Amino acid sequence: MPSLLPFLVLGLALGGVFSLSGVGIVVLYRTTGVLYLAGGAVGAVGAFTACSLATTAGLSVWPAAALGVALSAAITLLYGLLLGPRLAQREPLVKAAATLGLTLVLLGTMSWIWGAQTYSLSLPTTAWGIVLGAVHVNGTQLISLALGLLLTAVTALFLDRTALGTAMRALADDRESSALLGVPVRRVEAAAWLGSGVVFGVAGIVLSNLVGLDITGLTFLIISGLAAALVGRLESLWTTLAAGLVIGVAQSLLTSVASLSSYRSMTPFLVAIAVVLVMAVRRPSQTRV
Amino acid sequence: MIEISELTVRFGGVTPIQAMDLTLPGGACGLIGPNGAGKTTFFNVLSGFVTPATGRVLAFGDDLLALPGHRRARWGLRRTFQSEQAIEQLSVYDNVAMVHEHTGGHRRDRHRDVLTALDFVGLSVSPTAPVGALGAGERRLVELARAVVGHPRVVLLDEPAAGLPDEETGRIGAVIQRIPAELGAMTVLVDHDMSLVSACCDVTAVFDFGRLVAAGPTQEVLRDEHVVRAYLGTEEVA
Amino acid sequence: DTGAAAASSAKPSKASKCGLGNGKTATGPAIKLGAIVSDTPGLSFTDVTDMANAYFSCVNANGGINGRPVKLVVAKDALDPQLTASLATKLIDTEKIVGFTASSSVLDCSVNAKTYEKKAVYGIDAGLSLDCFNSPAIAPVNVGASYSALATAQYLLDKGAKKLVVFTSNTPDSNAVNSSIKELGKKAGVPVTAWVENVPIADANGLALKAAQAAGAGGGVVANLNAGEALKVFKAIEQQGLIDQALWGCPAGCNDQSMLQQLGSAWDGKLGVNAEVNLAGSPGPDNQLYLQLRQKYAPKTQLGNFGQLGFTAARIAVQALLSIKSGDYTTATVGAAFKGVKDYRSDLYCKPWYFGTQAFHTANNTTRTITPKSGQWAQTQDCSEMPALPNNKFAEIRAYEKQIGLG
Amino acid sequence: MTVTTAPALHVEGLRVARGTRTVLHDVRLDIPAGEVTALLGPNGAGKSTLVLALGGVLRPTGGRLLLGERELTGRRPEKVRAAGVAVVPEGRRLLPSLTVRDNLHAAVYALGRESRRAGVEYALELFPELRQRWHIPARALSGGQQQMVVLAQALASRPSVLVVDELSLGLAPVVVKRLMPVLADVAAAGTAVLLIEQFAHVALALATTAHILEGGRIRFSGTAQELKDNPDKLSAAYLLRTNAEDSPS
Amino acid sequence: MNVLEDAHRATAPDHARHPTAAIGHRLRQPLSAAVWPAGVAAAALLLPLFTSAYWIQVLTAAAVFSVAALGLSVLYGRVGLISLGQIAMLAVGGWAAERLGQTGALPFWLVLLATGVVTGLIGIVIGLPALRLSGLYLALITLMLAAAVTIVLTNTNFPNGGPGFLGYDPVKSGTVPLARPAVAAGDTAYFRYTVVVCALMFLLAIAHTRGRPGRAWAAIRQSEHAAVAAGINVTLYKLWAFALACFMTGVAGALLAASAGGLTVYQFPPQESITLLAALLMAGMYHFAGAVVAGLMLKAMPALLDTWGVSSNVLLIVFGVGLVQTLVTSPEGIAGQLSRDLARLGARVRVRRTTS
Ligand SMILES: Nc1ncnc2c1ncn2[C@@H]1O[C@H](COP(=O)(O)OP(=O)(O)OP(=O)(O)O)[C@@H](O)[C@H]1O
Ligand SMILES: Nc1ncnc2c1ncn2[C@@H]1O[C@H](COP(=O)(O)OP(=O)(O)OP(=O)(O)O)[C@@H](O)[C@H]1O
Ligand SMILES: [Mg+2]
Ligand SMILES: [Mg+2]
């Protein structure tokens, strides 16, 4: 029987991956009211750009990564500014579907540019690490965990405590009412999209180090991230973070169970389904008439 | 006649209705009280959207709480909503016919009953007009028609005249007064327009903070000191 | 371009000719061949058809097929069997192609092999699934992921692996691959652990650890994945410091130039990759021609395996077409010519290639193993035979080869 | 914001369409600072449409909106609000999933740090009921409580022009009575107030000037006293519509 | 919720507010709704006379996917419930049909029906959470479910005549399509068969929406509370909607199983369900014609672009841009736009006729 401890440690690292994308989704959802399905693709674009800059343009890794993040942020900002206002009055699902449009555009573009070859991006932090429970944990994995925690703590405080945070949530709830209340919607909106774009850009770079630089893989990692976000009811950053970690650990532990190993990638989905159903049964609908 | 005993409703830490005992005798009954007193919540209990923590509701001897929500409509319970809820996608006729269809009305009576109900509330628009194209006042009337079509036994009206100018309120009041008289259904009216309540209701109950603070003939209740202080305000308006 | 000047110390020989090699532009109606190639995000084999096209362009500039040009009609499919089936219909019924060359599609053989057999349309392809190797109508120029994995396992045994671990990406072939490696282990008296992995892999670290644990000291691991997925796993192995805990191998899918660049020096000499054809830096005349044509017609294709295979398929097809002397190019004549290819020799191959009359085809059954070395692929094991096992056909194939005089 | 300098809101020849139909025709209206102006009219007259146009939500197809000398025509809602015009549209439009606290905080976002706190305090003085509902999402409030929130949002930001559609919607009489002097005070402090109100007696009690809108046109402009004295003038406007309905259009 | 709706009522453009206002009119014209599926079916039956074998296969797939889109259109467009598991349901239908067909005991039409019943029952189970969840939650939960189903199918594979419950033999090669009925053995005949069955599905959906369930669904869509107050058994009608949508999708899956090529897991990635939704939103969620357009967009448009030599990457980009574009500029989708234009044209013609 192989030891489980290493898988536990690796599970936390994997959980960091789910948490990071999950928290990114929740942040953007709470600040703009849009379920941003393009988050994965945007992050992937940033990561591939960074990789290209580092390998072909000969930039060193950190500036390349910074430019990649800037590109992700710029795409997100542009999308938000162009389409946010136009779709503000539509159902959440339509807004989400529109971001799928962006996903497809990015997917096509990435396949066009980077589709033929395999790439990998190695941050210097990936090279060093510590040994924990007989497992080598590298710097990027630690960064991902730390980043998840930091992002959660900072955005939770920012959204709840600051005026700008409140304005963002107001905007996400009802853009027009917020405008009527005097919230400078364009500026606040721009800040929300830009901030979220940076989050997805950074997540993209980090994730590409952790799960590999792979167009479809990174793009649709968003679905696993959504599972964590769902457990957090698209609302609670801390729950999302915790859910991501739990899912990661569970999935990692299943790796070493032979009979279930090939079903382990179902973990995020099953956890999300179970938790949401239990919550739905426990807490009946809150809408009023 | 509706008899309520020991009714308590809780939402987490909030208790919008607390240990309430109340008998609504029949005819047209008014229900008034400050904002957040629990009037809408009370209606929600009757129509099954809110499950009370404790309590019993007997309507004409039937245990209302034992029935699932949609069965209560079939039993004869009808209501309107504080924010009007006529169905935008359907025509005026279909809006009303749908209630008839799902509350046990006979198919052969449908056409007649629906037109009767539309006539009863005095809606003058074409029955084929889509509700989405109607103005606020007309939509309220459509909702009222939905509440009176077929054979209602209890009609709950939640601020049916809110936002309507005095003239239109008067017209709605006239319709409400005819419900017990002509349809034989008891009516419970929630509104903040005292002229409407006094015009329509013989008896009135007053809620405050989830408790029954007064009940009786409307004119007496409106003179009740507590009611005047907590709800009506001391100085008369105009 | 680094590849052309690559590794080998041997002097490159003069490049082979394209077709007739007479420098005359071909004229008249084109002879149409068809190819179905997978092209979806993350899974694209267009290098195969692009290099085949490059060769056909060169042939058309050099006398064509006895004066007539040849044209490859390429249909791109995705992972949708209805689409793949309809493309076959389109190529055969609408485009009126006379044979297939350089098809390289995930689904083509599984979906269409029976149709090709029924309609007697023959193909010289770069097959992906096992179905390509088990059809009378299709003769692949390559080894295919499944047999390549077997060869990789054999290589690890040759290197002294005391245990075999294999994980195969979840495709319809995965069970067959795993069980054939189990047979190999049985034959060699070595325990085998095999499982199927779902792709895309999101937790490569756990997988790396699991594989290393399963291999134990002195074991060998075959990562039977495509290049992108395999790279994730090898990166994870490297980061976990597991490289030296086991012997590592990867089938032909890893024989990829960009993979090589990404692996880095940590893997030098530590990873055996099965090579279906000779190194892209090898000096032989055919490879030199490949390099020239790539430079001229298809510079965007990756250097190496897939391009070389497309080039080879086209070359064999042209050789077959040139053998038709009647000037009548129909499905029947072309099919017969394809089937008639018996002794195609090339410096890209270990052995001559033939189409043969059997119901199954793996003419390319003797392969090399390569490994990264200072930024280049270098050969680490010379041509060696694919192991014949009770659950594969190599014994029969070799017997047949003897019978037709190639053994 | 003193009585003398506060600008009035001028509506000049305003024309607004909803969908394809023109709902307001050449509406001319002055909302002077320092007093309450009442706007009355039957259902569907276009009162709410006018309010939305004032707030910048609906773009007029003709005419102008001026705040003193300042052009507001075609400005976006947040710009209009930033210019000092607070609009409470009909239908209790608040931020449903935000708590009462956040609803008020969002409303004072544009103010300076100090005035933010003061604004929220002021709103809570007016509607102490909201204190107990401070951390409840606005959608869970009762209808009247929601109306209190939207009024509080408007009042908390101390606008120079206040436009309220259906002031007393769903409010208990005692609250309406409490509000009346407040609005009178707000006006007295120099704010221009436009009031749309279902209870004509409430509106006329507060207003100095009154207008009657019917069929998208101003049918009457005069002092509130004049309407109080001649209630038939009001009914006439309503009758007008009944006649219009009878005649084929 | 009400507040939100009120908010929208006040400001959204007319057509965005009442995307389905037209339905009310259509309800009163019993024939017109049935006319066009009949028309489409007739045209489709004639189509093989003019097109190549390739296009027949492409259009067969398009017909199947239009039924999957129809299921979604009923659920979301009519009841307001969102399922992002339609493609997985199509896969489940395909699996069930292949498995049922493998027994060799049932005639083809019965396989279709039985598959529909199986998926319909599964639909009821999926519908249970829908009783409590709404909006994005339901969408995402069904997406999760679809992802899970796909992973299960990856491991079980589609039946290929093997033994046991799963009916899968790992050694056997090739995809094994469901055996076609004798009357529709050829591709052309099978295309006609498919179109007829698909048209029946559309008629089934139309019959539902025009009758009692349709009115109940409209009520539920607007406000569940109002529906209950009107005496509607919300539980029943929601489950009914899910059962119907899954029945139709299951039948479509069975049709797909017998189309050229057979089935593989690759063709049902979970994200394809989002693409289906996108296509349907583009095509028009609130018109049944939208489902037809969506099917064509998903299956025929790629083929068309391919014949024009457009790369699949460009297709993704085109699709993405088109999606955003239609969502922003014409909320009722291509079908809605089309029918509005037609109506306007009709009106103009009528005016001209009366004036002349
Ligand atoms: N889901 C909920 N969560 C928390 N509190 C709630 C919830 N629903 C209702 N309440 C509270 O219950 C109380 C009663 O509300 P209800 O709607 O019954 O009042 P009402 O008497 O109808 O008032 P109004 O006249 O303003 O409509 C209110 O204070 C409201 O805030
Ligand atoms: N969103 C809309 N789209 C199209 N027409 C509308 C819309 N909203 C209102 N209308 C129409 O515009 C006209 C004016 O409506 P408005 O709401 O401004 O009237 P109102 O005077 O406020 O009436 P009420 O007393 O009912 O609130 C009405 O005929 C109404 O039907
Ligand atoms: Mg209420
Ligand atoms: Mg109004």
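This is a predicted model: local features need pLDDT of at least 70, side-chain atom pairs count only at pLDDT 80 or more; totals for chains, interfaces and linings use all residues.

Student: Among contacts in chain E between residues at least 6 apart in sequence, what percentage join residues at least 24 apart?

Tutor: In chain E, 77% of the contacts between residues at least 6 apart in sequence join residues at least 24 apart. The secondary structure of this chain consists of 16 helices, with zero strands. Chain E has 356 residues, and 60% of them count as buried. Its accessible surface amounts to about 12600 Å², and carbon and sulfur atoms account for 70% of that area.

The UniProt record, an unreviewed entry, assigns the feature "transmembrane region" to several spans of chain E, among them residues 31-48, 108-128, 239-268 and 274-298. Two of these spans may be set side by side. Residues 239-268 of chain E are 67% helix and 0% strand, with end C-alpha atoms 24 Å apart. Residues 274-298 of chain E are 84% helix and 0% strand, and here the end C-alpha atoms lie 12 Å apart.

Other pairs do not meet: chains B and C have no contact, their closest C-alpha atoms being 39 Å apart. Chains C and D likewise do not touch, and 35 Å separates their nearest C-alpha atoms.

For local detail, one may turn to the other chains, beginning with chain D and its metal site. Ser48(D), through OG, and Glu90(D), through OE, coordinate the magnesium ion (ligand 4) at 1.8 to 2.6 Å. Ser48(D) belongs to helix H1 (residues 47-54) of chain D, while Glu90(D) sits in the loop between strand S6 (85-88) and helix H3 (100-107), so the pair ties together parts that are 42 residues apart in sequence. With a relative accessible area of 13%, Ser48(D) is buried because it falls under the 20% limit. Glu90(D) is partly exposed, at 33% relative accessibility.

Elsewhere in chain D, His25(D) lies in strand S2 (residues 21-31) and is buried, at 18% relative accessibility. Beyond its neighbours within four places in sequence, His25(D) contacts Leu14(D), Arg15(D), Gly215(D), Gly216(D) and Arg217(D).

In chain B, helix H5 covers residues 136-148; at 1.5 Å a residue, its 13 residues should span 18 Å, and its end C-alpha atoms are 19 Å apart, which agrees. H5(B) is mostly covered, with 11 of its 13 residues buried. The buried residues include Arg139(B), Arg140(B), Glu143(B) and Arg146(B), as well as Leu141(B), Val142(B) and Leu144(B). After H5(B) comes Gly150(B), with a positive phi near 75°.

Gly356(C) occupies the loop between helix H11 (331-340) and strand S12 (366-373), and at 7% relative accessibility it is buried. Its C-alpha atom is 7.2 Å from that of Gly340(C), which is 16 residues away along the chain. Apart from neighbours within four places in sequence, Gly356(C) is in contact with Lys339(C), Val341(C), His361(C) and Tyr400(C).

Conventions
Residues are numbered from 1 along each chain as its sequence is written. Chains are lettered from A and ligands numbered from 1 in the order in which they are written. Side-chain values use heavy atoms; hydrogens and water are left out. Donors are N, O and S atoms within 2.8 Å of the metal (3.2 Å for Na, K and Ca); water is not among the atoms, so sites may look incomplete. Helices (H or I, at least four residues) and strands (E, at least two) are DSSP runs, numbered from the N terminus. Buried means under 20% relative accessible area, exposed over 50%, partly exposed in between (1.4 Å probe, protein chains only). Contact means heavy atoms within 4.5 Å. Accessible areas come from the Shrake-Rupley method with a 1.4 Å probe; for residues, only the protein chains shown count as cover. UniProt positions are given in the numbering used here, feature names are shortened, and annotations may be inferred rather than shown by experiment. The expected span of a helix is 1.5 Å times one less than its number of residues.
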